[in-house]
Amino acid sequence: MTDAKEQIQKTIDSNDVVLFMKGNKAMPQCGFSSRVAGVLNFMGVDFADVNVLENTDIRQGIKDFSDWPTIPQLYIKGEFVGGCDIITEMTLNGELDQMFEAKGVAFDKAAAEKIREANA
């Protein structure tokens, strides 16, 4: 299990934005992973995707690592942000934009506004 924890930490440390998800950003394998990857892709965020379905140690390890029971899980600059519901809420209320700005992560602000307009 330590190997999984080390691998998770290394991935988080070496990427500004990491999404631990079912599937990958090109082909998500569950609706929740698809929604979060879709938001990040639409907003033009450069992110690393980790397919937890490819490795059971990582799949369980990320839940233990974050003390969060569900996948997907989003990390920004080493900080655990949350899962699908939290990311959706943060996108709609503008908190995700603020976090990206505060942490120096490039994203398309106009795209973020379009998401909010579409869901207003």
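## The pair in helix 6

The side chains of arginine 116 and glutamate 113 form a salt bridge, with a nitrogen-to-oxygen separation of 3.2 Å. In this predicted model, the two residues are 3 positions apart in helix 6, which means that about one helical turn separates them. Arginine 116 has a relative accessibility of 14% and therefore counts as buried, as the limit for that class is under 20%. Glutamate 113, at 35%, is partly exposed. Salt bridges with shared partners connect Asp97, Glu101, Lys109, Glu113 and Arg116 in one network.

When residues up to four places away in sequence are left aside, arginine 116 touches Thr91, Leu92, Gly94 and Asp97.

Side chains of opposite charge can pair when their charged atoms come close. The count of salt bridges in the model is 6. One of them joins the side chains of glutamate 79 and lysine 103, at 2.9 Å from N to O. Here too the pair links distant parts of the chain, for glutamate 79 is in strand 4 and lysine 103 is in helix 5 (residues 95–103), 24 residues apart.

How accessible is glutamate 79? Its relative accessibility is 36%, so glutamate 79 is classed as partly exposed. Lysine 103 is likewise partly exposed, its relative accessible area being 25%.

Helix 3 spans residues 56–66, and its buried residues are Ile58, Gly61, Ile62 and Ser66. These residues lie on the same side of helix 3, because they cover an arc of only 110° around the axis. The elements that cover them include helix 1 (2–14), strand 1 (17–21) and strand 2 (48–51), together with strand 3 (73–76) and strand 4 (79–82).

The two ends of helix 3 have local features of their own. At the start of helix 3, a side-chain oxygen of asparagine 55 comes within 2.8 Å of the backbone nitrogen of aspartate 57. Just after helix 3, aspartate 67 adopts a positive phi of about 55°.

## Threonine 11 in helix 1

Threonine 11 is located in helix 1. A polar atom of the threonine 11 side chain lies 2.9 Å from the backbone oxygen of glutamine 7. Not counting residues up to four places away in sequence, threonine 11 touches Val18, Phe20 and Val50.

## The chain as a whole

The protein chain contains 6 helices and 4 strands. Along the sequence, these elements follow the pattern α-β-α-β-α-β-β-α-α-α. Among contacts between residues at least 6 apart in sequence, 61% join residues at least 24 apart.

For 120 residues, a compact globule would have a radius of gyration near 14 Å, and the value of 14 Å for the protein chain agrees with this. Taken along the principal axes, the C-alpha atoms fill a box of roughly 45 × 25 × 25 Å. Of the 120 residues, 42% count as buried. The accessible surface of the protein chain is about 6500 Å², and carbon and sulfur atoms account for 47% of that surface.

Note on methods. Residues are numbered from 1 along each chain as its sequence is written. This is a predicted model: local features need pLDDT of at least 70, side-chain atom pairs count only at pLDDT 80 or more; totals for chains, interfaces and linings use all residues. Side-chain values use heavy atoms; hydrogens and water are left out. Buried means under 20% relative accessible area, exposed over 50%, partly exposed in between (1.4 Å probe, protein chains only). The arc is that of the directions from the helix axis to the C-beta atoms. Contact means heavy atoms within 4.5 Å. A polar contact is a pair of N or O atoms within 3.5 Å; within protein, one must be able to donate a hydrogen and the other to accept it, and residues adjacent in sequence count only if both atoms are side-chain atoms. A salt bridge is a side-chain nitrogen of Lys or Arg within 4 Å of a carboxyl oxygen of Asp or Glu. The radius of gyration is taken over C-alpha atoms; the globule rule is 2.2 Å times the number of residues to the power 0.38. Accessible areas come from the Shrake-Rupley method with a 1.4 Å probe; for residues, only the protein chains shown count as cover.
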